[in-house]
Amino acid sequence: MAKQTGGLTRAVRALAPVPWILIVVGGLVITQLPGGSAGAVARTGVSIMIGIFFAVVILRVLLHAATKRRRELWAGLALAGAMMMWALGSAAISQNQAHGAVPFPAPGETLNVSSYLLLAAFLLLDASRFARSLPVLLDAAVVVGGTISVTAFVFVAPVARHFDGAVLPLVVAVLFPLINLVLAGIVLGQVVVGERSRDVRSWMLVGGFLALAAGDSSFLMDVRPVSAYGTNIGIAAVWGVGFALLGEAAVRPVVAEVRARTSGHASGPQVVASALAVAALALSPEGLAGWLVRGAALLTLTATMWRLLLALREARGAAEAMRLSLTDELTGLPNRRSMLASTDHAIQHRGPVSVLLLDLDAFKDINDSLGHAVGDLVLIDFAERLRDAVDPGSSVARLGGDEFAVLVPSEDEIELFETAQRVRAALRRPLRVEGIDISLDASVGIAVREDTDTSAIEMLRRADVAMYEAKNADAGVLVFDRAQDGMSHLRLLRGEALRAAIAEGELVAWYQPQVDARTRQVVAVEALVRWWHPTEGLLPPIAFLTDARRAGLMPALTESVMLQVVADASRWRAAGFTFRVAMNWAPPELVNGQLLPRLFSAIEEAHLPPESLLVEVTEDSFLTDPERARMVLHEIRSHGVQVSIDDYGSGFSSLAYLRDLPVQELKMDRAFVAPVASDERSRMIVQTTTQMARALGLRFVAEGVEDAVALSELVPLGVDVVQGYHIARPMPADAVGPWVRQWTESHLSSRLA
């Protein structure tokens, strides 16, 4: 297919000079024939030249169209059809001339007139985009109408003054150049409204139609009641130039052009066209030509008035759109864009200005428990309270969600602090919604304009830093200082470093063994994440998990560790080890459930027995969405993976969920395990929990076993599995196998002894 297309393209290029050679050489040769240009031999020569000329031009257009897609193909076919009809009409007239003088207009002119319908279709199909909007079509109508009215006034009216009564010849004689001028105006209109590029191709089309109009104007020079066709080599050459330009434009590549469409304001060509139409209307002559000029001028002015009315409507719509773009739809307050614009204006005029950024505390709980509709009502009420709480010179904006900003024309920190506290007091007043009294607080960050400030973005960033520091420190209100900025910058850098660490495999799983309390056999290992930092060395999870959570990286981090655990467990199984491998999932990752398909597919790909893996979840996993957490645990268990309640005793500790959840293991929090030898209450808690776990058929694990004394106290209490530094410290995956073998051999030999 590519070879065929390349061959057609080469043929189109090879034929390019032929039409022009025919025009020049053919014209010179015919004028030298016996009898001159008006003789019978010349007429025959002109007919032959026209036939060859159109055959070559049409062939080029068709060959080019054959390499294009549907729209361009149809455009080429329309142009080729128009040229063929025009050529047939001319051939019919030339054939009749061989039998004597042919009166103008001849029946063959019907084909010539019909060819212009296909030329118009070609222009519409050939445009890069077709104007579908009314304003664009009106812009084109103004340009086309203005062109017609001026052309009719300049060229048609002078001829019509000498009109001597030949109605049909005059109408036909006027029609041909007029149609060509209309087509040239359509091309100009398409260029003006952006439907066609401003390139050589477009100007070739305009030049082609103007040449055809010039050739057709020859009939206007000799309009009489009875007039006949003649043979004029010069006129034939002008027609040839016109069609050659159209054919050349059709085979030239389309140049893509990105240009704004016409707006509500009139552009230069539309204004000029309207002005010329007014002048032509005022000076139009009497008679048929006058009606032609007035009709075109009135069409132009009607399109102009219609376009102006649309422009006024667009202007009103644009003003309303601008207002809406600066307003928060829910509360009616100014939005972020409006607040930034107002702050930028104050900064540029060096006026006193400060930004208070407010974020409602625990607003998510309202949306989660009462629904977003109730949350919207709360935001609307709080917006009214903010308006009432600030001074008249200050402005309140909603930035998005439950985040608001107050723009205060002051740089007095005491005054700003008082404004912030007044706003918080207004928000804390109870609001009754669906029979429930809701009272919320807000954390506020304050940023005062500095001499180096050049934009509102920087002030808003500083206020945002101060607000988050106020929220984290539970301080309520904080004014920004550079120390906060440094901490925020460090957290941002740590978050980006973590993102790269996850991608580059710097986060690794280390493992801490768990052994049977009575037999001392290794029954499990727990995966604990570590970060091999390029400069800081091996970092424990406490050094980076908070930053990972803040940066939204916990899902990616959990998945990375999970895949390492599956790979390590599979490798240990292949080496003959049968212990379980446990991994920790935080509540958001558990409740979200998006990691489950990845876990199940990884287990299947590794051909790993699902019961060899265990997912540890904390009690607070069931606080935010108990039903969702229950469904996720049932799905985990349905795939054979075991579940453990981690840090039992430090959270909700509801017996109801222990009874109903599909868990296989309880893991007592180290806060109760470590002091079991010295604290009687801790001892009793461990003992009763052990009895409860046994009654529920759960395995009981005690973590935090740091010495032999604690271990000796735990065994009589019925603990099943122990874990802690007394057994082993966390170790890399490669060290687990050798350690397990050494541990097993040492305890086996001690029992035999």
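Predicted model: local features only at pLDDT ≥ 70, side-chain atom pairs only at ≥ 80, totals over all residues.
Two strands pair if DSSP finds at least two bridges between them.

Take strand S12, residues 613-618. Five bridges join S12 to strand S13, residues 642-648. The two run parallel.

Strand S11 covers residues 580-585, and five bridges join S11 to S12. These strands are parallel as well. Here Asn 584 stands opposite Glu 616 in S12.

How many of the six residues of S12 are buried? Five, so the strand is mostly covered, with buried meaning under 20% relative accessible area.

On to charges. The structure holds 27 salt bridges.

Pair one is Glu 403 with Arg 336. Their side chains meet in a salt bridge at 3.8 Å, N to O. This pair links distant parts of the chain, 67 residues apart. Glu 403 is in strand S3, residues 403-408, and Arg 336 is in helix H12, residues 336-348. Buried or exposed? Glu 403 has a relative accessible area of 14%, so it counts as buried. Arg 336, at 35% relative accessibility, is partly exposed.

Pair two is Asp 359 with Lys 471. The salt bridge here is 3.0 Å, N to O. Asp 359 has 12% relative accessible area, so it is buried. Lys 471 comes out at 27%, which means partly exposed.

The side chains of Arg 462 and Glu 458 meet in a salt bridge, 3.7 Å from N to O. Both residues lie in that helix, four residues apart, about one turn. Which side of the cut-off is Arg 462 on? Its relative accessible area is 1%, under the 20% limit, so Arg 462 is buried. Glu 458 is partly exposed, at 27% relative accessibility.

Last item: a network. Salt bridges that share partners join six residues into one network: Glu 526, Glu 616, Lys 667, Arg 670, Glu 703 and Glu 706. Glu 616 brings us back to S12, where it stands opposite Asn 584.

Technical notes: Residues numbered from 1 in each chain as written. Heavy atoms only, no water. Buried < 20%, exposed > 50% of the residue type's maximum accessible area, 1.4 Å probe, protein only. Salt bridge = Lys/Arg side-chain N within 4 Å of Asp/Glu carboxyl O.
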